Amino acid sequence: MPKITREFIDTYIVTSGDSYNLQVWNRLPASNSLLIKYDSGESLKCTDVRFVFVKIDLAKSIIASVIILTAEYIEKHFGKFGKPTIKHQLLISSKARKSIFESPDKVLSFPDSKKLSYNITHEYAPPTSGMVEEPAIKLYSIALLKEIVAKKLIGKKIDAAATKNRGQALERMVLELLGYVIKENELLYGAFPDIRNQLLEVKIQDSPTVDLGRFSPEKEEFVIEEKSLTTFDVRYLIALTNPKTEVIEGIILAPGERLGDIFSYVSSESYKCQRNIPMSFFERHDGKVVFNPA
């Protein structure tokens, strides 16, 4: 259901960047799927939801424009919504965040899985293979990752606007701290886990939930079957950022098998449909309130 059900609208804040990545959760926005049916026989469908975009001028800290669009208009002018992307989510409470922030080193970590305990090293040596290659013969242990990566991330700022770009910015920071050589415009792996060579998945959390993607350590499933490595063995580095300052204030570093011991999984799978809208579209309507503009 849209967030403001009574008026059948969803609201979004648009700030900066080359385009705005519209994400619609658990609904096919341009479909005729039924959402509400009245006793009179009338109904409201997914395609009836209105999208209200509030464009913010960050330099002046004011609302620059309000643009109201329908799903039909969005698809006609900017292309169809992408196919649903299934997302598993992890819930990290404000109480858990607070306890990490108040800990001496601001890092919550757990030892590697028992299976990996025979395949790790506590001594650092520069990586000899690429980040996307099969896991190294001796992976850096979580204890070592805590010292060479996690502690050094505390206080760093991740200022990219879009969530996807922020995740890649964090991943680049981690790769540099690990000693991998990456070019400035080099595309990152984009699959699971993010840093395959170290069996390391990198995430950002500045809202109650963390998007885990297609794989979830809630259930054990093979990630690299020939080596019998599963979602339980993958190491998760979750950066806890302050949503206002975009500064990393805490780190969670744990194998997948331990995440469910301390945090909660969202009980059902969520999915999202996405559509990029050029920022120039919003900028053309500065100073106005418009509905499905020509």
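Ring pairs, in which the centres of Phe, Tyr or six-membered Trp rings lie within 6.5 Å, link Tyr12, Tyr20, Phe51, Phe53, Tyr73, Phe78, Phe281 and Phe282 into a cluster. The structure is a predicted model, in which local features need pLDDT of at least 70 and side-chain atom pairs count only at pLDDT 80 or more, whereas totals for chains, interfaces and linings use all residues. Residues are numbered from 1 along each chain as its sequence is written, and side-chain values use heavy atoms, with hydrogens and water left out.

A search of the whole structure finds 11 aromatic pairs. Tyrosine 73 and phenylalanine 281 form one that is tilted, with 6.4 Å from centre to centre and 45° between the planes (planes under 30 degrees apart count as stacked, over 60 as edge-to-face and the rest as tilted). Because tyrosine 73 lies in helix 1 and phenylalanine 281 in helix 6, this pair ties together parts that are 208 residues apart in sequence; helices are DSSP runs of H or I with at least four residues, strands are E runs of at least two, and both are numbered from the N terminus. The ring centres of phenylalanine 281 and phenylalanine 282 are 5.5 Å apart and their planes stand at 75°, so this pair is edge-to-face.

In helix 1 (residues 71–78), Ala71, Tyr73, Ile74 and Phe78 are buried, that is, under 20% relative accessible area with a 1.4 Å probe and protein chains only. Seen down the helix axis, the buried residues of helix 1 fall within an arc of 160° (taken from the directions from the axis to the C-beta atoms), so they line one face of the helix.

Conventions: Buried means under 20% relative accessible area, exposed over 50%, partly exposed in between (1.4 Å probe, protein chains only).
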